[in-house]
Amino acid sequence: MRYPLLLLITILVLLGGCGTGASEPESDPAESIIGTWTSQGGKYVTFRDDGTYDVGTEPANASTEFGTWSMEGDVLTKVTDPEASSCAGITATYEVELLDDGTQLESTVVDDECGVRVADFVLLTKHTDSDS
């Protein structure tokens, strides 16, 4: 009787460690913003998975601002290329939050000396091909 009881306890301990309440892994916030977004002012903002971004009046070209971006937690940092025609060489930091199941990106400026882009970056909507 001693061994079956010991076996039962061992099985229960092992199964208890497996648990069924495994939570889903959190998605990487940086992956969530990759893609093209439209601003309330009609500009297109594209974040690429290679860490580059651009802003323009059309989704695929005519960029007035371009550079690199990174995210740490909910803080987005954009470093504008010195050759860009808008906000050249300026580093900007925003706190961002995804809304409406990831279809909108709301941002709050932490630090950005380029006032021209601040208004365009307050609320972005995920761009789809049907938006064209």
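Predicted model: local features only at pLDDT ≥ 70, side-chain atom pairs only at ≥ 80, totals over all residues.

**Entry 1: the salt-bridge network.** I started with charged side chains and found that Glu 65, Lys 78, Asp 112 and Arg 117 are linked in a network of salt bridges.

Next I looked at Arg 117 and its partners. Its salt bridge with Glu 65 has the closest N and O atoms 2.5 Å apart. This pair links distant parts of the chain, with Arg 117 in helix H3 and Glu 65 in strand E4 (residues 63-72), 52 residues apart. I wrote down how elements are named: helices (H or I, at least four residues) and strands (E, at least two) are DSSP runs, numbered from the N terminus.

Arg 117 also meets Asp 112 in a salt bridge, at 2.7 Å from N to O.

Are Arg 117 and Glu 65 buried or exposed? Both are buried. My cut-offs are: buried under 20% relative accessible area, exposed over 50%, partly exposed in between (1.4 Å probe, protein chains only). Arg 117 counts as buried because its relative accessible area is 5%. Asp 112 is at 13%, so it counts as buried too.

**Entry 2: another salt bridge.** How many salt bridges does a search of the whole structure find? It finds 5. One of them joins Lys 43 to Asp 120, with the closest N and O atoms 3.2 Å apart. Lys 43 sits in the loop between strand E1 (35-39) and strand E2 (44-47), while Asp 120 sits in the loop between helix H3 (115-118) and strand E8 (123-126), so the pair links distant parts of the chain, 77 residues apart. Lys 43 is partly exposed because its relative accessibility is 25%, and Asp 120 is buried because its value is 18%.

**Entry 3: the overall fold.** I zoomed out and counted 3 helices and 8 strands in the protein chain. From the N terminus on, the order is α-α-β-β-β-β-β-β-β-α-β. What do the strands build? They make a closed barrel of 8 strands, E1-E2-E3-E4-E5-E6-E7-E8, with antiparallel pairing. Two strands pair if DSSP finds at least two bridges between them.

I picked one pair to check. E3 and E4 run antiparallel and are joined by 5 bridges. Across that pair, Tyr 53 stands opposite Gly 67 in E4.

I also jotted down that buried residues make up 31% of the 132 residues in the protein chain.

**Entry 4: the nonpolar core.** Which residues have the most contacts inside the largest nonpolar core? They are Ile 33, Phe 47, Trp 69, Leu 76, Phe 121 and Leu 124, in a core of 15 residues. Such a core is a set of buried Ala, Val, Leu, Ile, Met, Phe, Trp, Tyr and Cys residues joined through side-chain atoms within 4.5 Å. Helix H2 (29-33), E2, strand E3 (52-56) and strand E6 (91-99) each give two or more residues to this core. E6 gives the most, with 3 residues.

I clicked on Ile 33 and listed what it touches, leaving out residues up to four places away in sequence: Phe 47, Trp 69, Met 71, Leu 76, Leu 98, Leu 105 and Lys 126. Contact here means heavy atoms within 4.5 Å.

Entry 5: Most residues other than glycine have a negative phi, and most peptide bonds are trans. Asp 100 has a positive phi, near 50°, and Asp 101 has one near 55°. Asp 100 lies in the loop between E6 and strand E7 (104-111), and Asp 101 is found in the loop between E6 and E7. Asp 100 counts as exposed because its relative accessibility is 51%, and Asp 101 is exposed at 85%.

How values were computed:
Residues numbered from 1 in each chain as written. Heavy atoms only, no water. Salt bridge = Lys/Arg side-chain N within 4 Å of Asp/Glu carboxyl O.
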